[in-house]
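Okay, thanks for coming, everyone. Let me put the model up on the screen, and then I'll talk you through it.

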Amino acid sequence: MSKGFKTGGFERRLLVFFLLISVTPTLLIAIFGTSYFAGYIERLSTVALKESFQNSMDIAREYSSRLDADAATMARRSLTDFRRQQSRPGTGVEDWLEIVADRNDAHFVGLYVLEDSGWRLDASYPAAITRLDPLLSMETISPDPGPHHAAFSDRDIIASSIKLSPDSTLVSGYLLSLGRMETMRRTGEDYSRYSSIGLYVNTIRRYSLFIIGALVILMILASAIASRLIARRISYPIRELADATDRIARGDLDHRVEVKARDEIQSLVTSFNNMT
């Protein structure tokens, strides 16, 4: 074989060429396709999604604020009704609480009395209610006489407290269905997450790039194998002809090139063999 012929040089160049023409379009499509997809999601979601969650939050805030206001109004009326009932002999505290609840459409009314450890539930209507805390901390009931929001361990209780005397207070309000406030809180979290649509789109873009990157790597491996097979198929007859030329130059005129092809390479091999 002649010293100037480098085995594999042509094949390597063919391999690089086939890799470039097979992988480059894929990379371009992946990059621009991901950008277009992310932009499309952003254009589609920015207005509709934000408005949807904004409306949900507005409804939730209005619902919560209305309940708080209604509970405060209910507490004022309950105080008046309770004192009116106290002036009528012959009825007990439970009866007074029931009348107060019915007149003010309250889901519950509770009477808490002050003890050393906090505010203890002395009586309530309904009497068998279990969702009310039997003991409230000192900070729960405000020392001011006016109605104040009363926080229970059950977050689905919306209530206000109002002082009857320095050591007793009346608490009335609403018993929402279990999980209602949690649903409203999650709605707020969803809105906070989706109100910044850019973060949402960036997340989609990262996942898309990851998936497309994995597909591109697989395609590069497949293209490398296919390109190598194609390059070898093209370079093999050339290597055989180069080897045969070198052997004939050294005087081996009986050498023949054994290459089977169906194109111009076969014509070249046949002409070479006829020449020798």
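Let's start with a pair of side chains: Arg-120 makes a salt bridge with Asp-122, and their closest N and O atoms are 3.7 Å apart. By salt bridge I mean a side-chain nitrogen of Lys or Arg within 4 Å of a carboxyl oxygen of Asp or Glu. Before I go further, a caveat: this is a predicted model, so local features need pLDDT of at least 70 and side-chain atom pairs count only at pLDDT 80 or more, while totals for chains, interfaces and linings use all residues. Also, residues are numbered from 1 along each chain as its sequence is written, and side-chain values use heavy atoms, with hydrogens and water left out.

Back to the pair. Arg-120 counts as partly exposed at 31% relative accessibility, and Asp-122 is partly exposed as well, at 39%. The cut-offs there: buried is under 20% relative accessible area, exposed is over 50%, and partly exposed is in between, with a 1.4 Å probe and protein chains only.

How many salt bridges are there by this rule? The count comes to five. Another one is Asp-154 with Arg-131, where the closest N and O atoms are 2.8 Å apart. Asp-154 sits in the loop between strand 4 and strand 5 (157-165), and Arg-131 in the loop between strand 2 and strand 3, so this pair ties together parts that are 23 residues apart in sequence. Asp-154 is buried, at 15% relative accessibility, while Arg-131 is partly exposed at 22%. Then there's Asp-246 with Arg-250, meeting at 2.3 Å, N to O. Here Asp-246 is buried at 12%, and Arg-250 is exposed at 59%. Salt bridges that share partners also join Glu-115, Arg-120 and Asp-122 into one network.

Okay, zooming out to the fold. The protein has five helices and six strands, and along the sequence they follow the pattern α-α-β-β-β-β-β-β-α-α-α. Of the 276 residues in the protein, 34% are buried. And for contacts, meaning heavy atoms within 4.5 Å, take those between residues at least 6 apart in sequence: 56% of them join residues at least 24 apart.

Trp-96, Leu-97, Val-100, Ala-101 and Asn-104 are buried in helix 2. Looking down the axis, those buried residues fall within an arc of 130°, so they line one face of the helix. The arc is taken over the directions from the helix axis to the C-beta atoms.

What happens just after helix 2? Asp-105 takes a positive phi of about 55° there, although Asp-105 is not a glycine. Asp-105 lies in the loop between helix 2 and strand 1, and at 60% relative accessibility it counts as exposed.

One more backbone item: the peptide bond joining Tyr-125 and Pro-126 is cis, with omega about 0°. Pro-126 lies in the loop between strand 2 and strand 3.

Last stop, helix 5 (residues 264-275). Its buried residues are Val-269, Phe-272 and Asn-273, and they cover an arc of only 95° around the axis, which puts them on the same side of helix 5. The face turned away from that buried side carries the exposed residues Glu-264, Asn-274 and Met-275.

That's my tour, thanks.

Terms used: Helix = DSSP H or I, 4+ residues; strand = E, 2+ residues; numbered from the N terminus. Expected span 1.5 Å × (residues − 1).
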